[in-house]
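Dear colleague,

Please find below the structure that I am handing over to you, followed by an account of what was found in it.

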Amino acid sequence: MSDEADLRRDAPAFHRNVAPIRALLLEWLDGRRGDVLEIGAGTGQHAVAFAAALPDLRWWPTDPGAAQLDSIEAWRAHGGGANLEAPFILDASVPDWGIEKRGLAAELSAIVSLNVIHISPWRVSEGLFAGAGRYLAAGGLLILYGPFCRDGVHTAPSNAAFDADLRRRDPDWGIRDIADLERLAAGHGLELRRIEPMPANNFTLVFGREREG
Ligand SMILES: C[S@@+](CC[C@H](N)C(=O)[O-])C[C@H]1O[C@@H](n2cnc3c(N)ncnc32)[C@H](O)[C@@H]1O
């Protein structure tokens, strides 16, 4: 067995959520060109699947964790297409994502982040929206997937239990409220365009950066 194969991690949830998320991404991103930055790409399994589904886009997976980066790179080497770029370290909470050093212009077609902002402090949400305001092209999209509250209310009892468990593990973690994210978005020139209910009491949120002119 090669070292690369050893480093591939498997997220069980990936197998359950990849098809519905891919369908939504196709709806919003098919026909677009340019670069997509994935924040908190984890194992890298979504990056491989989404890059394959959207061959006209260049997919850039990132994560702050070294083990995650190894897994992403191993999945990429195993079955990544030509439009799947090498992963790099990125902590969304820092103000400067340094993407220009990677040859990326601050004109991204989209930023995609799945299951990240409830398992990280609020400053990561702040950094994500600040980065979207800074690095998305006019008309670019920020697409978030995961569990969310609506007007302070959990959308299912299982999400309330999950939220309590997250906060027990780290008081700075927790399921975010869509209204709070909308406020954050507005401060960075983004507006909420779609709230799509997904299986297992999750949602996909699509934020758009305002077009110029
Ligand atoms: C639950 S995992 C989700 C992984 C993958 N997106 C998925 O859905 O399978 C959360 C991910 O968020 C990443 N993460 C945590 N803090 C982060 C930060 N400050 N900036 C970017 N990603 C972060 C973790 O390293 C981890 O890979």
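A residue is called buried here if 20 or more other C-beta atoms lie within 10 Å of its own, exposed if 12 or fewer do, and partly exposed in between, with C-beta atoms placed from the backbone. This is a predicted model, in which local features need pLDDT of at least 70 and side-chain atom pairs count only at pLDDT 80 or more, while totals for chains, interfaces and linings use all residues. Residues are numbered from 1 along each chain as its sequence is written.

Ser125 is buried, because 21 other C-beta atoms lie within 10 Å. Ser125 belongs to helix α5 (residues 122-135); helices (H or I, at least four residues) and strands (E, at least two) are DSSP runs numbered from the N terminus. Beyond its neighbours within four places in sequence, Ser125 is in contact (C-beta atoms, placed from the backbone, within 7 Å) with Ile117, Arg176, Leu181 and Leu184.

The sheet is open and has seven strands in the order β3-β2-β1-β4-β5-β9-β8, with mixed pairing; two strands pair if DSSP finds at least two bridges between them. At the edges stand β3 (88-89) and β8 (190-198), each with a single partner strand, so one side of each has no neighbour in the sheet. Helix α3 (residues 45-53) packs on the sheet and touches β1 (34-39), β2 (57-63) and β4. The direction of α3 makes about 175° with that of β2, where axes are lines fitted to C-alpha atoms, for helices over the stretch in contact, and angles run from 0 to 180 degrees between N-to-C directions.

β1 and β2 pair in the parallel sense over five bridges, and Gly34 has Leu57 of β2 as its bridge partner. Six of the seven residues of β2 are buried, so this strand is largely enclosed by the rest of the structure. Strand β4 (residues 108-114) also pairs with β5 in the parallel sense, over six bridges; the bridge partner of Ile111 in β5 is Leu142.

Ile111 and Leu142 are also among the residues with the most contacts inside the largest nonpolar core, which has 52 residues. Such a core is a set of buried Ala, Val, Leu, Ile, Met, Phe, Trp, Tyr and Cys residues joined through C-beta atoms within 7 Å. Strand β5 (residues 136-146) gives the most to this core, with six residues.

Yours sincerely

Terms used
Two residues are in contact if their C-beta atoms, placed from the backbone, lie within 7 Å.
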